[in-house]
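Morning, everyone. Please look at the structure on the screen while I talk.

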Amino acid sequence: MKIDFPKDFWWGAATSGPQSEGRFNKRHANVFDYWYEIEPAAFYDQVGPDTASNFYNSFKEDIAMMKEIGLNSFRTSIQWTRLIDDLEEGTVNEDAVRFYNAVIDECLAQEMRPVMNLFHFDMPIELQHKYGGWESKHVVDLYAKFAAQCFRLFGDRVTDWFTFNEPLVVVDGAYLYQFHYPNIVDGKKAVQVAFNIALASAKAIAAFRDTNPNPAGRIGIILNLTPSYPATEKQDDLVAARFADLWMNEMFLDAAVKGKFPQELTDTLMQDGVLWQATEGELELIAKNTIDVLGVNFYHPNRVQRPDVSSDSLAVDWLPTKYFDGFAMPGRRMNVDKGWEIYPQAMYDIALNIRDNYGNIPWFVSENGMGVSNEERYLNEEGVIEDDYRIQFIQEHLYWISKGIAEGSNCFGYHLWTPIDCWSWGNAYRNRYGFISNNIHTQVKTIKKSGHWFKGLAETSILEMPDWLATKWDTIGLELETAQTMI
Ligand code: BGP
């Protein structure tokens, strides 16, 4: 089977500053840099972000390798902790300006579109300690100042900007479920942080409208959209799935695209006594500064059932899981290494949801991918990792994206997480996602089979896949429990 994608489709991959650059010459520490300093055992194998994949030093060679596998676009993020010298004044660091200019110019020289994100979980630790990070509206203003500097410095050459990556993960990780520093469990603060980030995104968009020098420029936000599928059609499960969608998807999506939060959600938060503090002026600012484009990170679906009334979530502080529980779908296909269900058809559901409920806004898949541990298992005699499972994973997701496009959804690209195996938060280098492997001891980088395969796709915009993958997708793999046996 051959499927045509639009000729100008973005074929690319995404990383972030804190996960790729390393701390070289960086003026400030972010929350993860700091957390690693005080508690290295919280990170897989005690590997921290100090070197990451050495992008600060090897960006030229890295971008050349990305070019070699055909990428026409590449997302990374500008680190607040690198670009800004004085966090209150918003003055810039000259070495950082030189570095990001060089990265952007190198991408353009290689005819690769640089896509820039402004926040990827990397709150400066000083602002976390002094003001509580996103708990503070003063920090919201400092972030908008940083964003304005980015547009002013790089907006002549960068046309595609994103204000945040996965804001929900900051809320969940740092304020509810304890996987991001400062590891607080505080429902009321979590809800305020969600509002403050939506406000920060709108303020950055306002700054963009004022200061961006490039008429071709456009700005958006990157959201992890995990469609909620109820365990059964019973009323309790449907109600649970509805709240999960409100919290996990619509809260940020509605604010970004429609300029307002879902009433159903604010009613519930109000009734539970946790609704955020917001002024009329702030709500107006959110209403006026909506996005031009949307990035969607999708890894796995969210299977939902009514909450277990005996669960801890009722005993402690307010948690959104008071309204829903997760559910292991019988017969599901799993990436057992990562512990995530594989359900490519969700891409189609996302595409149609955006088409039907969000004004068919232009969007792209800003992250999708398969984290697998110990990929050396698949090394062949030539020293290439034969990651056929990743190729199949991408094919299946693209198949469902193409169906969405054929039915009118406005999807303009696909980015894999990630071009080169990179460091990742608590998981460090446990899950490898890249088209290109990285030996973290020597920093030797080698293209995997998927990278060579992707080149053909990126050059032709024609997806070739075995017919059975598309036609029997729902019956294959149900019994499979390991990544390597997916094919
Ligand atoms: C996404 C994040 C990325 C990256 C990816 C893989 O949610 O945007 O930053 O971390 O997940 O994560 P992990 O390596 O922890 O499996």
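First, the ground rules. This is a predicted model, where local features need pLDDT of at least 70, side-chain atom pairs count only at pLDDT 80 or more, and totals for chains, interfaces and linings use all residues. Residues are numbered from 1 along each chain as its sequence is written, and side-chain values use heavy atoms, with hydrogens and water left out.

Strands here are DSSP runs of E, at least two residues; helices are runs of H or I, at least four; both are numbered from the N terminus. Two strands pair if DSSP finds at least two bridges between them. Strand 2 (residues 10-14) and strand 3 (residues 73-77) have three bridges, in the parallel sense. Ala13, for example, has Phe74 in strand 3 as its bridge partner.

There is also an open sheet of three strands, ordered 9-11-12, with mixed pairing. Its edge strands are strand 9 (228-230) and strand 12 (325-326).

Now the core. A nonpolar core joins buried Ala, Val, Leu, Ile, Met, Phe, Trp, Tyr and Cys residues through side-chain atoms within 4.5 Å. Buried means under 20% relative accessible area, exposed over 50%, and partly exposed in between, using a 1.4 Å probe and protein chains only. The largest core has 145 residues. Among those with the most contacts inside it are Trp80 and Leu83. Helix 9 (residues 187-211) gives the largest share, 14 residues.

On to charges. A salt bridge puts a side-chain nitrogen of Lys or Arg within 4 Å of a carboxyl oxygen of Asp or Glu. The whole structure has 32.

Which residue does Arg333 form a salt bridge with? Glu396, with the closest N and O atoms 3.0 Å apart. Arg333 sits in the loop between strand 12 and strand 13 (334-335) and Glu396 in helix 15 (residues 388-406), so the pair ties together parts 63 residues apart in sequence. Arg333 is buried, at 7% relative accessibility. Glu396 is buried too, at 2%.

Now take Lys455 and Glu459, at 3.1 Å, N to O. Both lie in helix 16 (residues 449-460), four residues apart, about one turn. Lys455 is partly exposed at 31%, and Glu459 is exposed at 55%.

Last, Asp254, in helix 10 (residues 235-257). Asp254 is buried yet has no salt bridge. That is my tour.

Note on methods
Lys and Arg count as positive and Asp and Glu as negative; His and the chain ends are not counted.
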